[in-house]
Structures are given as structure tokens and as C-alpha cells.
Amino acid sequence: MANRSELRQKCMTILYQMEVYDKNKMKYEVDDVIKEVTDIDNEFVKEIVYGVITYKKDIDDLANKYLDGWTIDRLGNTDIAILRMGIFELLYTDTPPVVTINEAIELAKTYSDDNVRKMINGVLDKVYHNKGEKNA
């Protein structure tokens with residue numbers, strides 16, 4: 001059985017792939033993308049992937065609010081996936097915030113450069129500290 005860290009890596013890959021399809025205006029079925037990346041049927045993966053899709057606009061608006069002179073669409077596709085996933089988990093799941101942020105930073109350490117990792121950390125930190133204002 002995959003652990004949560006491994007599952008998050010799969011979520012990141014799925015979200016990355018969908019971002020590539022979206023940017024290239026390619027049609028896809030979410031479940032097919034999930035199946036391409038992971039052969040296990042996992043509720044956690046579905047919750048994250050479908051959650052990010054469902055709240056994508058809100059997540060992106062929040063990311064842009066805290067990206068400080070940047071917009072989420074200027075980041076690389078992997079970085080976008082990590083950031084969206086982190087924001088979704090912070091706002092819409094019961095995962096402890098410290099776990100969510102650490103997991104996102106671990107992914108960013110592996111897949112993003114240092115500047116982007118710091119940017120992701122900063123955004124997630126602000127989202128966490130301003131969580132009560134998410135509907136503002």
C-alpha cells in the first residue's frame with residue numbers, strides 16, 4: 001500500500017498531466033489520467049485530484065493573491081500542481097496544516113528549483129495563516 005507521500009506524488013503527476021492537456025486544449029477524462037498514473041483505486045488520490053479541479057478558480061485566485069508580483073500560470077506545470085494541491089489540502093481537508101506544508105515543500109525540493117520552493121512555502125504559509133479569510 002502506498003503511503004500518503006507517495007500518493008501525493010501521484011496526485012502531483014496527475015495534476016501536472018491535466019495542466020499540460022489544458023494548456024494544449026486537449027480533451028481528457030480525469031479518471032483515465034488517474035488510471036494512467038496509478039494502478040490503485042485510491043480515495044485520497046481522487047479527493048485531491050477532483051478537489052483541485054472543483055476549486056481550481058478559488059485556489060488560483062488565492063495563489064495569485066499571495067504570489068507577490070507573479071501569477072500561478074507563470075509557474076512551471078509541476079510547480080502549479082504542487083501549489084494547487086497544497087492550497088486544496090490546507091483549505092478543504094482535515095490534513096494537519098504542518099503535514100500539508102511539509103509534504104508540499106518535500107515535493108518542491110525534489111521537483112522545483114529553490115526560488116520556486118521558497119515561493120510555494122511562502123504562499124502556503126500565508127494561506128494557512130489567513131485561512132479564516134478564505135471567503136473574503
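Buried means under 20% relative accessible area, exposed means over 50%, and partly exposed is anything in between, using a 1.4 Å probe and protein chains only. Keep that handy for the views below. This is a predicted model, where local features need pLDDT of at least 70, side-chain atom pairs count only at pLDDT 80 or more, and totals for chains, interfaces and linings use all residues. Residues are numbered from 1 along each chain as its sequence is written, and side-chain values use heavy atoms, with hydrogens and water left out.

**View 1. Helix H2 and its buried side.**
In H2, the residues tucked away as buried are Val30, Val33 and Ile34. Look down the axis of H2 and these buried residues fall within an arc of 100 degrees, so they line one face of the helix. The buried residues of H2 pack against H1 and H3, where contact means heavy atoms within 4.5 Å.

**View 2. Helix H4 and what covers it.**
H4 takes in residues 56–66, and its buried residues are Ile59, Asp60, Leu62, Ala63 and Tyr66. Seen down the axis of H4, they fall within an arc of 160 degrees, so they line one face of this helix too. What sits over them? The cover includes helix H3 (43–54), helix H5 (77–92) and helix H7 (114–129).

Asp68 is in the loop between H4 and H5. Its phi is near 60 degrees, a positive value in a residue other than glycine. Is Asp68 buried or exposed? At 65% relative accessibility, Asp68 counts as exposed.

**View 3. Lys25, in another loop.**
Lys25 belongs to the loop between helix H1 (4–23) and helix H2 (30–37). Here again phi is positive in a residue other than glycine, this time near 55 degrees. With 74% relative accessibility, Lys25 counts as exposed.

**View 4. Glu103, a buried residue in H6.**
Glu103 is part of helix H6, which covers residues 97–111. Its relative accessibility is 16%, so Glu103 counts as buried. Which residues does Glu103 touch, leaving aside its neighbours within four places in sequence? Those contacts are with Ser5 and Arg8.

**View 5. Stepping back to the whole chain.**
The protein chain has seven helices and zero strands; these are DSSP runs numbered from the N terminus, with helices being H or I of at least four residues and strands E of at least two. The C-alpha trace spans about 35 × 35 × 30 Å along its principal axes. For 136 residues, a compact globule would have a radius of gyration near 14 Å, and the chain's 14 Å agrees. (That radius is taken over C-alpha atoms, and the globule rule is 2.2 Å times the number of residues to the power 0.38.) Of the 136 residues, 43% are buried. Among contacts with a separation of 6 or more, 69% come from residues 24 or more positions apart.

How values were computed:
The arc is that of the directions from the helix axis to the C-beta atoms.
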